[in-house]
Amino acid sequence: MMQDQSLASRVVGHHIFAERESQYIRWYPKTLTAVAGVAPITRQDSRFAGIYIHVPFCDQLCGFCPFNKIESRNDLIDLFLCALEKEIISYGKLLGRRDLRFVYLGGGTPSSLKPSQIERILSLIDYHLGGLSGAEITLESHPLHLKPDYARGVRLAGVNRISSGIQSLDESTLRRIGAYHSQEHAIAAIQTSVSEFDSVAIDLLFRCRGQTVADWESQVAAVGNLIGVDHVSCYSLVLKNDAEQPSAATDAQMAVVAGDVLASYGFEHYASCASSGMDFARNGRKSVYEELHWKAPQVEFLGLGPGALGFVGGVVTINGLSVPRYAAAINRGFLPLVSATRVSKDEMMRRYFVLGVKTFFVELRPFCELFDEDPEKIFKDEIQLLERDGLAFVENDLLTLTTVGRLFVDCVSSRFFSKEERNVPHPEEPEIRRIELTAQRLLDGLGARRA
């Protein structure tokens with residue numbers, strides 16, 4: 001299948017193409033606010049509908065993964081599990097129980113945990129935080145872990161959706177990105193997943209060293225032909241030094257190819273975490289977690305585990321990255337928070353759009369009901385700019401991203417930043433480690449005063 005040359009040329013030829021990037025805007029506002037182990041939220045404030053759990057362990061650290069991770073060690077896994085149990089119980093006492101719509105175990109590599117350990121986590125959540133009977137429960141997994149006994153074990157533990165980091169079905173691409181599984185492993189993992197789970201998702205990487213548009217097109221077509229895979233996430237590879245990668249123009253062409261090819265196999269492009277980070281689903285199998293925590297009005301969710309992000313009670317929460325510090329804080333009777341930023345009304349209104357545009361349609365009427373404000377008046381300048389640039393338009397109480405706008409989603413998101421947040425860097429590992437040290441000093445001060 002040939003890519004839509006017209007769309008690719010419109011993206012590459014757009015006057016703001018130089019601004020296009022694949023920046024994963026995971027939260028808003030971006031400002032970090034150091035705290036010492038106390039959540040500034042109450043049971044009355046909270047309306048959480050889901051839980052994200054970060055499991056930072058990996059058998060081997062892949063260079064292309066930007067998330068909080070460490071090599072698996074049994075002693076650290078035991079430390080983590082004991083602390084996670086206490087964190088779940090603490091939040092249960094603080095916030096009470098809710099009927100949950102999703103639990104997402106991300107990482108790292110959550111499949112580093114045994115089925116019995118996953119079952120224990122889910123049992124604790126069900127007892128202390130919320131009923132799981134109708135919830136989507138996703139486990140991110142490495143292809144090498146998805147042997148038949150393991151897949152069956154985690155399904156019996158309560159997992160009903162598997163997401164595997166396949167990255168590529170091409171052996172040479174896997175070698176170039178430093179993956180430690182093979183094409184054979186990837187195919188076997190997919191076959192096992194399909195046999196055990198009704199909902200199977202896989203991740204693919206593009207803009208890899210030495211990869212051509214034709215290479216990528218054949219990879220996406222191969223995935224489209226797989227029976228039983230109902231969700232595909234395609235991510236542009238982000239490296240600190242991109243000199244050896246295909247160009248930014250090729251990146252855009254590859255993004256267009258992904259949409260064209262997967263559409264021909266019945267997949268819908270329903271969300272983008274970034275301009276070149278795209279989620280596709282078929283058979284009504286959109287990820288509940290992905291859609292609900294982006295789509296406006298966004299649901300609240302708890303973030304548990306080292307480095308986890310949450311949003312509950314109008315507060316953006318971030319846990320520290322270090323497993324020993326995470327456990328030490330909990331064992332001293334504190335929550336493992338290092339940042340908790342209460343979102344003002346103005347920033348909450350902006351957040352509605354900053355994250356909401358990631359699902360391509362932002363409903364305006366709920367905004368009026370939530371904030372008692374008219375979004376077309378408040379964001380008149382932002383909307384006019386998007387319309388002028390051909391990235392979005394307003395019609396029938398919807399802000400809708402255009403076909404081109406969907407491939408500039410980072411730019412569309414950033415148009416709604418406040419002046420204060422515009423120049424704040426999106427927090428990644430260096431910024432979180434700095435705030436973690438500040439929070440540790442505050443926590444040590446609390447401990448000294450207690451003594």
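Predicted model: local features only at pLDDT ≥ 70, side-chain atom pairs only at ≥ 80, totals over all residues.
Student: How many helices and strands are in the protein chain?

Tutor: The protein chain contains 17 helices and 17 strands.

Student: And how many salt bridges does the count come to?

Tutor: The count comes to 23 salt bridges.

Student: Which residue does Asp-149 form a salt bridge with?

Tutor: Its partner is Arg-152, and the closest N and O atoms of the pair are 3.5 Å apart.

Student: Where do Asp-149 and Arg-152 lie?

Tutor: Both are in helix α4, which covers residues 148-157. They are 3 residues apart, or about one turn of the helix.

Student: Is Asp-149 buried or exposed?

Tutor: Asp-149 counts as exposed because its relative accessibility is 63%, a value over the 50% cut-off. Arg-152, at 35%, counts as partly exposed.

Student: What about Arg-433 and Glu-436, where are they?

Tutor: They are in helix α17, residues 429-450, and since they are 3 residues apart, about one helical turn separates them.

Student: Is Glu-436 buried or exposed?

Tutor: Glu-436 counts as buried, because its relative accessibility is 4% and the cut-off for buried is under 20%.

Student: Which residue meets Glu-268 in a salt bridge?

Tutor: The side chain of Lys-286 does, at 3.9 Å from N to O. This pair links distant parts of the chain, 18 residues apart: Glu-268 is in strand β9 (residues 268-274), whereas Lys-286 is in the loop between β10 (277-281) and α9 (288-294). Glu-268 is partly exposed at 42%, and Lys-286 is partly exposed at 30%.

Student: Changing topic: what is the radius of gyration of the protein chain?

Tutor: The protein chain has a radius of gyration of 21 Å. A compact globule with 451 residues would have a value near 22 Å, so the two agree. Along its principal axes, the C-alpha trace spans about 70 × 55 × 40 Å.

Student: What share of the residues is buried?

Tutor: Buried residues make up 58% of the 451 residues. The accessible surface of the protein chain is about 18300 Å², and 51% of that surface belongs to carbon and sulfur atoms.

Student: Last one: how many positive and negative side chains are there?

Tutor: The protein chain has 48 positive and 56 negative side chains, and the centres of the two sets are 5 Å apart.

How values were computed: Residues numbered from 1 in each chain as written. Heavy atoms only, no water. Salt bridge = Lys/Arg side-chain N within 4 Å of Asp/Glu carboxyl O. Helix = DSSP H or I, 4+ residues; strand = E, 2+ residues; numbered from the N terminus. Buried < 20%, exposed > 50% of the residue type's maximum accessible area, 1.4 Å probe, protein only. Rg over C-alpha atoms; globule rule 2.2 N^0.38 Å. Areas by Shrake-Rupley, 256 points an atom, 1.4 Å probe, with all protein chains shown as cover. Lys, Arg positive; Asp, Glu negative; His and termini not counted. Charge placed at Lys NZ, Arg CZ, Asp CG, Glu CD.
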